[in-house]
Amino acid sequence: MESKGSNEPSAVGVRQRRIVYFVLIGLFLLQSGLTYTVSTEVPVPAAELNSAARRGEALYRSFNCTACHQFYGLGGYMGPDLTNVTIAPGKGPDFTRGIILHGSANMPALGVTKDQADDLVAFLEAVAATGIYPIRNLDLTPWGTYREMHSDAR
Ligand code: HEC
């Protein structure tokens, strides 16, 4: 026969339960705090645009270069991809500036001024600093990793 009041929590049980609640509430507050601070920090951008590059970005839009050119394969397809044109072998900043100023057999001269061409080159250099594209000749293993990676741009 059970003694009277055996379902009542003992003083020790109450204290243990309070400790558990206290710990859980503490963990909840800690988790909430971390969620709204640590994981919402803005990552440092890989490539900062200096003021010339920022002007160049606006010019790239206003001259609508993207109608004919791509970055990382995205854009219009009349002209070549420009992601790495400023660091590609046999090309580079001077070549880039020349084509932008004077056009070529296939690219129209768009009436870009010298200062604008400098800014566009600064922008294209900042784009080139964000990564290498296209990557060709991947030496892939059967399980999808690669042994060696060759790039066209260097
Ligand atoms: C009407 C389409 C068109 C527009 C708009 C255009 N381009 Fe081009 N661009 C081309 C074509 C086509 C070529 C290839 C020229 C050639 O091979 O003779 C080219 C070549 C280039 C090249 C050399 C690329 C390489 O790898 O050889 C650069 C740099 C370039 N364009 C920059 C620009 C910039 C910057 C703008 C905007 C100010 C622009 N282009 C606007 C069509 C265009």
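1. Asn 64 is exposed, because the count of other C-beta atoms within 10 Å is 11, and a residue with 12 or fewer is taken as exposed. In this predicted model, Asn 64 lies in the loop between H2 and E1, and just after H2 it takes a positive phi of about 55°. Most residues other than glycine have a negative phi, and most peptide bonds are trans, so the backbone here deserves a reader's attention.

2. Tyr 72 also has a positive phi in a residue other than glycine, with a value near 50°. The place of Tyr 72 is in the loop between E1 and strand E2 (74-75), and with 14 other C-beta atoms within 10 Å this residue is partly exposed. A further point of backbone geometry concerns the peptide bond from Tyr 133 to Pro 134, which is cis, with omega near -5°; Pro 134 itself lies in the loop between H4 and strand E3 (135-140).

3. For the overall layout, the secondary structure of the protein comes to four helices and four strands, and read along the sequence these follow the pattern α-α-β-β-α-α-β-β. Of the 154 residues in the protein, buried ones make up 15%. Among the contacts with a separation of 6 or more, 51% are accounted for by residues 24 or more positions apart.

4. Helix H1 (residues 11-37) has 27 residues, and from its first C-alpha to its last it reaches 39 Å, close to the 39 Å expected at 1.5 Å a residue. The number of buried residues among the 27 of H1 is zero, so this helix lies largely in the open. In the loop between H1 and H2 lies Asn 50, which is partly exposed, with 13 other C-beta atoms within 10 Å. Although Asn 50 and Asp 119 are 69 residues apart along the chain, their C-alpha atoms are separated by 9.9 Å, and Asp 119 is one of the buried residues of H4.

5. Helix H2 has 12 residues and reaches 17 Å from its first C-alpha to its last, close to the 16 Å expected at 1.5 Å a residue. The buried residues of H2 are Ala 53, Gly 56, Leu 59 and Tyr 60; seen down the helix axis, they fall within an arc of 115°, so they line one face of H2. An α-helix has 3.6 residues a turn, so residues three or four places apart point the same way. The face of H2 turned away from the buried side carries the exposed residues Ser 51, Arg 61 and Ser 62, while what covers the buried residues includes H4.

6. The 15 residues of H4 should span 21 Å at 1.5 Å a residue, and the end C-alpha atoms of this helix are 21 Å apart, which agrees. Among the buried residues of H4 are Leu 120, Val 121, Phe 123 and Leu 124, and also Asp 119 and Glu 125. The buried residues of this helix pack against H2, strand E1 (70-71) and H3.

7. The largest nonpolar core has 15 residues, and those with the most contacts inside it are Tyr 60, Leu 120, Val 121, Phe 123 and Leu 124. The elements that give two or more residues to this core are helix H2 (51-62) and helix H4 (114-128), and the largest share, eight residues, comes from H4. Leaving aside neighbours within four places in sequence, Tyr 60 is in contact with Cys 65, Leu 120 and Phe 123. In soluble globular proteins, nonpolar side chains tend to be buried together.

8. Around the ligand there are 24 residues, of which Cys 65, Cys 68, Gly 79, Ser 104 and Met 107 come nearest. The residues of this shell divide into 17 nonpolar, six polar and one charged, and helix H3 (residues 93-102) gives the most to the shell, with three residues.

9. Cys 68, one of the residues that come nearest to the ligand, lies in the loop between H2 and E1 and counts as partly exposed, with 16 C-beta neighbours inside 10 Å. Not counting residues up to four places away in sequence, Cys 68 touches Gly 76, Met 78 and Gly 79. The C-alpha atoms of Cys 68 and Met 78, which are 10 residues apart along the chain, are separated by 4.7 Å.

Conventions: Residues are numbered from 1 along each chain as its sequence is written. This is a predicted model: local features need pLDDT of at least 70, side-chain atom pairs count only at pLDDT 80 or more; totals for chains, interfaces and linings use all residues. A residue is near a molecule or strand if its C-beta atom, placed from the backbone, lies within 6 Å of it. Ala, Val, Leu, Ile, Met, Phe, Trp, Tyr, Cys and Pro count as nonpolar, Asp, Glu, Lys and Arg as charged, and the others, Gly among them, as polar. A residue is buried if 20 or more other C-beta atoms lie within 10 Å of its own, exposed if 12 or fewer, and partly exposed in between; C-beta atoms are placed from the backbone. Two residues are in contact if their C-beta atoms, placed from the backbone, lie within 7 Å. A nonpolar core is a set of buried Ala, Val, Leu, Ile, Met, Phe, Trp, Tyr and Cys residues joined through C-beta atoms within 7 Å. The expected span of a helix is 1.5 Å times one less than its number of residues. The arc is that of the directions from the helix axis to the C-beta atoms.
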